[in-house]
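Keep the viewer open as you read.

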Amino acid sequence: MAGLKPLDVNEVAGESKKLFNAIEGELGMVPNVFRTMAHSPTVFDAYMNFHDALRHGVLSDALRERIALAVSEVNKCAYCLAEHSATALAVGLSKEEICDSRRAISPDRRVETALNFARQVARGVQSVDDSGVGCLRRAGFDDREIAEIIATIVLTVVKNYFNRLAGTVMDYPPAQDIYTW
């Protein structure tokens with residue numbers, strides 16, 4: 001697939017360069033998803049602002065990564081599965097928890113409820129019935145957490161679609177095959 005070529009880190013300037021420097025300082029590299037989004041500084045800035053805002057929310061890094069894995073599995077985004085698997089390991093999830101998240105299962109009822117809701121939404125918002133948010137509430141999520149779960153799903157879908165359509169070049173080890181785990 002002829003996609004968007006990742007920009008060389010030396011090809012960007014201004015706010016994108018500042019963001020690249022911050023990402024490289026945190027990760028030791030600038031992943032291709034960001035080097036590809038940076039073709040449009042507007043798109044890159046919008047994505048990073050949304051992402052950074054959620055990092056300051058009430059959901060744990062682990063839950064946000066689990067949700068991203070469940071959504072990326074539904075959307076079959078190989079790049080996001082690889083990236084979120086690496087990030088999930090970095091925030092302390094085990095390989096088993098990563099595979100389980102992609103399957104939307106967890107021994108923790110709250111986590112499993114959030115993962116199943118995320119998977120249902122990723123299959124199409126029209127597939128979510130009136131009980132969707134109610135299930136989250138019954139699992140103990142408050143309105144702020146529910147809003148952040150929804151936003152995490154939406155952000156992940158944006159990234160999934162971007163990577164699938166842009167043909168982002170893989171720069172992470174491929175995600176583990178969950179069907180042989």
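**From the surface inward**

Phe 50, Ile 150, Val 154 and Val 158 make a nonpolar surface patch of about 300 Å². A patch here joins nonpolar side chains (Val, Leu, Ile, Met, Phe, Trp, Tyr) within 5 Å, from residues with over 30% relative accessible area and no salt bridge, a salt bridge being a side-chain nitrogen of Lys or Arg within 4 Å of a carboxyl oxygen of Asp or Glu. Areas come from the Shrake-Rupley method with a 1.4 Å probe, and for residues only the protein chains shown count as cover.

Before going on, note that this is a predicted model: local features need pLDDT of at least 70, side-chain atom pairs count only at pLDDT 80 or more, and totals for chains, interfaces and linings use all residues. Residues are numbered from 1 along each chain as its sequence is written, and side-chain values use heavy atoms, with hydrogens and water left out.

Back to the patch: α9 gives the most to it, with three residues. Helices are DSSP runs (H or I, at least four residues), numbered from the N terminus. Val 158 lies in α9 and counts as partly exposed because its relative accessibility is 44%; buried means under 20%, exposed over 50%, and partly exposed in between.

Now head inside. The largest nonpolar core has 23 residues, and Phe 20, Phe 34 and Met 37 are among those with the most contacts inside it. Such a core is a set of buried Ala, Val, Leu, Ile, Met, Phe, Trp, Tyr and Cys residues joined through side-chain atoms within 4.5 Å. The elements giving it two or more residues are α1 (14-27), α2 (32-37), α3 (41-55), α5 (78-90) and α9 (143-166). Apart from this core lies another, of 19 residues, including Leu 63, Val 71, Ile 146 and Ile 149.

Helix α8 (residues 131-138) has Gly 132, Gly 134 and Leu 136 as its buried residues. They pack against α7 (109-122) and α9, with contact meaning heavy atoms within 4.5 Å. Just after α8, Gly 140 takes a positive phi of about 105 degrees.

What about the cysteines? The structure holds zero disulfides, a disulfide being a pair of cysteine sulfur atoms within 2.5 Å. Cys 80 is in none, and the nearest cysteine sulfur, that of Cys 77, is 3.3 Å away. Cys 80 is also buried, at 0% relative accessible area. The sulfur of Cys 99 is too far for a bond, because the closest cysteine sulfur, in Cys 77, is 17 Å away.

How values were computed: Buried < 20%, exposed > 50% of the residue type's maximum accessible area, 1.4 Å probe, protein only. Patch = residues over 30% accessible without salt bridge, like charges linked within 9 Å, V, L, I, M, F, W, Y side chains within 5 Å.
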